[in-house]
Amino acid sequence: MLKRARIFIEDKEWEKACEYAEYALDVDAGCAEAYLAKFMAEYNISQEEYIPKFCSDMIAEIDSLFDITTYNKASRFGDEELNKKLTEYNNGAIYNYADHRMHYVNPDDNASKQYYDTEKIFKRISGFKDSDKKAQECLNKAKEHEENAKKRVEKLREENYNNAVKFMEVAQKRTEPIIQKKY
């Protein structure tokens with residue numbers, strides 16, 4: 001039944017794949033591969049290697065793929081080799097999500113906070129690929145944005161002060177003749 005579920009996954013017949021994964025679980029409730037097949041069918045993933053790519057958007061809503069019941073059970077009942085793969089897929093999904101965030105920061109929406117938040121996401125998978133390097137890049141960009149924001153605020157203060165002085169000078173020049181006529 002598990003083999004049929006896998007075939008339905010390859011054929012992208014998601015409902016049938018889910019149904020056959022359930023049949024396999026009825027026979028063996030601790031079958032890790034059946035839980036993984038059910039997860040893949042539920043999220044329309046036709047190959048295991050695609051899990052990090054197709055699941056990266058989920059990380060915006062959950063902390064980890066292990067928060068999803070079927071994924072968690074695949075891990076719980078899986079052997080060391082399967083757990084290593086599941087951890088790798090999970091880290092890949094988190095990495096892809098953080099990498100996307102890092103490159104699409106909205107400068108009009110508190111960019112430094114976005115970079116700090118992305119740094120924290122990369123730190124969750126420290127040691128995976130170049131996540132430590134990317135975390136440092138996010139930290140540097142956050143600090144750079146903060147420094148630039150301080151400079152912009154200072155420049156605006158200076159411009160406002162200069163404009164106020166000019167306004168006062170113009171007002172004084174315009175009112176001087178009026179004041180001199182009255183007195």
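This is a predicted model: local features need pLDDT of at least 70, side-chain atom pairs count only at pLDDT 80 or more; totals for chains, interfaces and linings use all residues.
**Notebook: cysteines, helix packing and a tyrosine**

I searched the whole structure for disulfides and found 0.

For a disulfide I need the two sulfur atoms within 2.5 Å. Then I checked how covered the cysteines are. Cys55 has 0% relative accessibility, so I put it down as buried. Cys138 also goes down as buried, with its relative accessibility at 0%.

*α3 against α5.* Next I turned to helix pairs. I took helix α3, residues 32–42, and helix α5, residues 69–77. Their axes come within 8 Å and cross at roughly 160 degrees. Parallel or antiparallel? An angle over 145 degrees counts as roughly antiparallel, and therefore that is how I list α3 and α5. I noted the handedness of this crossing too: left-handed. Then I went through the residues that touch. On the α3 side I have Ala32, Tyr35, Leu36, Lys38, Phe39 and Glu42. From α5 come Thr70, Tyr71, Lys73, Ala74 and Phe77. Sorted by class, this contact has 7 nonpolar residues, 1 polar and 3 charged.

*α1 against α3.* I stayed with α3 and looked at helix α1, residues 2–10. Here the axes are 10 Å apart, and the packing angle is about 25 degrees. Angles under 35 degrees count as roughly parallel, so I call α1 and α3 roughly parallel to each other. α1 passes α3 in a left-handed crossing. Which residues meet? In α1 I found Leu2, Arg6 and Ile9. Facing them in α3 are Glu33, Ala34, Leu36, Ala37, Met40 and Ala41. My class tally for α1 with α3 is 7 nonpolar, no polar and 2 charged residues.

*Tyr43.* Last, I followed the chain into the loop between α3 and α4 (51–55), where Tyr43 sits. How exposed is Tyr43? Its relative accessible area is 35%, so I wrote partly exposed. What does Tyr43 touch, once I leave aside its neighbours within four places in sequence? I found Met58 and Ile68 in contact with Tyr43. I also looked up Trp14, which lies 29 residues from Tyr43 along the chain. The C-alpha atoms of Trp14 and Tyr43 are separated by 8.4 Å.

How values were computed. Residues are numbered from 1 along each chain as its sequence is written. Side-chain values use heavy atoms; hydrogens and water are left out. Buried means under 20% relative accessible area, exposed over 50%, partly exposed in between (1.4 Å probe, protein chains only). Axes are lines fitted to C-alpha atoms, for helices over the stretch in contact, and angles run from 0 to 180 degrees between N-to-C directions. Helices (H or I, at least four residues) and strands (E, at least two) are DSSP runs, numbered from the N terminus. Angles under 35 degrees count as roughly parallel, over 145 as roughly antiparallel, 65 to 115 as roughly perpendicular and the rest as oblique. A crossing is left-handed if the near helix is turned anticlockwise from the far one by less than a right angle, and right-handed if clockwise. Contact means heavy atoms within 4.5 Å. Ala, Val, Leu, Ile, Met, Phe, Trp, Tyr, Cys and Pro count as nonpolar, Asp, Glu, Lys and Arg as charged, and the others, Gly among them, as polar.
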